[in-house]
Protein chains: 2
Amino acid sequence: MNKLLTASEVRQLCRQGKYQVPTPGVASGYVQANLVVLPQSVAFDFMLFCHRNPKPCPLLDVTEVGDPEPRMIAPGADLRSDLPRYHVFRYGELVEEVTDIKQLWRDDFVGFLIGCSFSFEAALLNTGIPVRHIEENKNVPMYKTSLNCMPAGVFSGPLVVSMRPLSPLDAIRAVQITSRFPKSHGAPVHLGDPNAIAIADINAPDFGDPVTIHEGEIPVFWACGVTTQTAIVQAKPEIAITHAPGHMFITDIKDE
Amino acid sequence: MNKLLTASEVRQLCRQGKYQVPTPGVASGYVQANLVVLPQSVAFDFMLFCHRNPKPCPLLDVTEVGDPEPRMIAPGADLRSDLPRYHVFRYGELVEEVTDIKQLWRDDFVGFLIGCSFSFEAALLNTGIPVRHIEENKNVPMYKTSLNCMPAGVFSGPLVVSMRPLSPLDAIRAVQITSRFPKSHGAPVHLGDPNAIAIADINAPDFGDPVTIHEGEIPVFWACGVTTQTAIVQAKPEIAITHAPGHMFITDIKDE
């Protein structure tokens, strides 16, 4: 049922307070996006951080200062109400989870919408490549790495990656497929030995859940949008608002 | 001789005041870039303008606030001295042409480096496709169009295009080739009837020189970096500094 909703229908339900759960699989075929809201004082620095680190932070749209409408990817939408849930950070600390941010919105706020992996996972599944955390009904495992992002202004931090275990042949095919999705993190950043990027224990992810790695499979690592949240925690801006994990903004753009 | 210089050798000669002429053909194989320097107060708006209009304004690099070094595309370079000539605009008016901007540089300046058409022209020539203004030793003809850029903050204005006349078969091949250069304006934005984009007289360009269009050729139009200068003239920022036309910044990035 939910799969068949359009993007604007889901946003309308969010706006009415009738949709407050995670969005994977919802409004099938529409690109979903990470949200980051920041005051103008650090907006240039953050945009520079995204430009310098396009694999974890592919910018889909950036709003005008004070304007809650992402006009390029969802005309008519309102970032203050059209996501199921939000996280509010003050000085880098998560202080609140809310279902709208109408009371918090300010004239100096800028909204950044950043691609997420849901689009490329749909393309993998459509090609018959298994996605383990979906098979096991878990959240994708994510890890901090020793790969540093290129800093920009007040923003810096490690690259965070998501991991999907694949057979070598599926890994090759997955490189080809995800290379076609530069706005959804693109090609993997690493495959094979987790220690090479300073992941000590593949079964103990920093975020999300561990998944089964079968005999003969290798872990394949993609740049992950959680990188932005790590950068926000490190930069400690006076205020920052993001989507709650898994509760994404649904755009009017189609997957392919 | 100049063709055989490296990018950093040309920049060094500029820094010493020994190179003050146009850069086409210089340091062959290196990507050349448009320069726009703006104060931080309008830097976010301008970056948003570039993000929303990637065909005329493909961002190659953006510097940290106050930092004259474009660390991503030319580590060690200095935007204050490493271009042959600069144009200084105050409140949207060109007030000065200078050979360095050391005295003008401020702690709140941000440098934007934007792709230019020299890279795709080299690729066209390498494939045997003629480039008329090079054959005729002229500047490329450029036109204001009725296509409006997506505005961002204080920046707005018409899309400016450059034109190269081609046979239909060469036009098709040129679409294929330039599509591979998204950071050098990418595929054409129009071909054929100039009136369709409100160009009244193809022989009277708004910038550059008219070129011969042979029987059976059609004009092919690409988005042009001069779009940024038109946007600066309209926005009237307190100060803006650009390269002088044709006197580009030479990056360490290779064409292909």
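Here is a short walk through the model, stop by stop.

Before you click, note that this is a predicted model, where local features need pLDDT of at least 70, side-chain atom pairs count only at pLDDT 80 or more, and totals for chains, interfaces and linings use all residues. Residues are numbered from 1 along each chain as its sequence is written, chains are lettered from A and ligands numbered from 1 in the order in which they are written, and side-chain values use heavy atoms, with hydrogens and water left out.

**Stop 1: both chains**

Colour chain A and chain B separately. Chain A can be laid on chain B by a turn of 180° with a shift of 0.0 Å along the axis, giving an RMSD of 0.0 Å (a least-squares superposition on the C-alpha atoms of residues with pLDDT of at least 70 in both). That is the relation of a two-fold axis. To find the axis, select A:Phe44: of the residues of chain A, its C-alpha comes closest, at 2.4 Å.

**Stop 2: where the chains meet**

Now select the residues in contact (heavy atoms within 4.5 Å). The same surface serves both copies, since 100% of the contact residues of chain A recur in chain B. About 1,600 Å² is buried between the two chains, and carbon and sulfur atoms give 66% of that; buried area is the accessible area (1.4 Å probe) that two parts lose on being put together, summed over both.

Next, show B:Arg52 and A:Glu64. They form a salt bridge, with the closest N and O atoms 2.6 Å apart (the rule asks for a side-chain nitrogen of Lys or Arg within 4 Å of a carboxyl oxygen of Asp or Glu). Between chain A and chain B the count is two salt bridges.

**Stop 3: a pair of rings**

Zoom to A:Phe46 and A:Phe155. Their ring centres are 5.2 Å apart and their planes at 75°, so the pair is edge-to-face (Phe, Tyr and Trp rings, the six-membered one for Trp, pair with centres within 6.5 Å; planes under 30 degrees apart are stacked, over 60 edge-to-face, the rest tilted). A:Phe46 sits in helix H2 and A:Phe155 in the loop between strand S6 (142–148) and strand S7 (158–166) of chain A, so the pair ties together parts 109 residues apart in sequence.

**Stop 4: two loops**

Finish with A:Lys236, in the loop between helix H6 (226–235) and strand S10 (240–243) of chain A. A:Lys236 has a positive phi of about 55° although it is not a glycine. Then try B:Ala198, also not a glycine, with a positive phi of about 65°.

Conventions: Helices (H or I, at least four residues) and strands (E, at least two) are DSSP runs, numbered from the N terminus.
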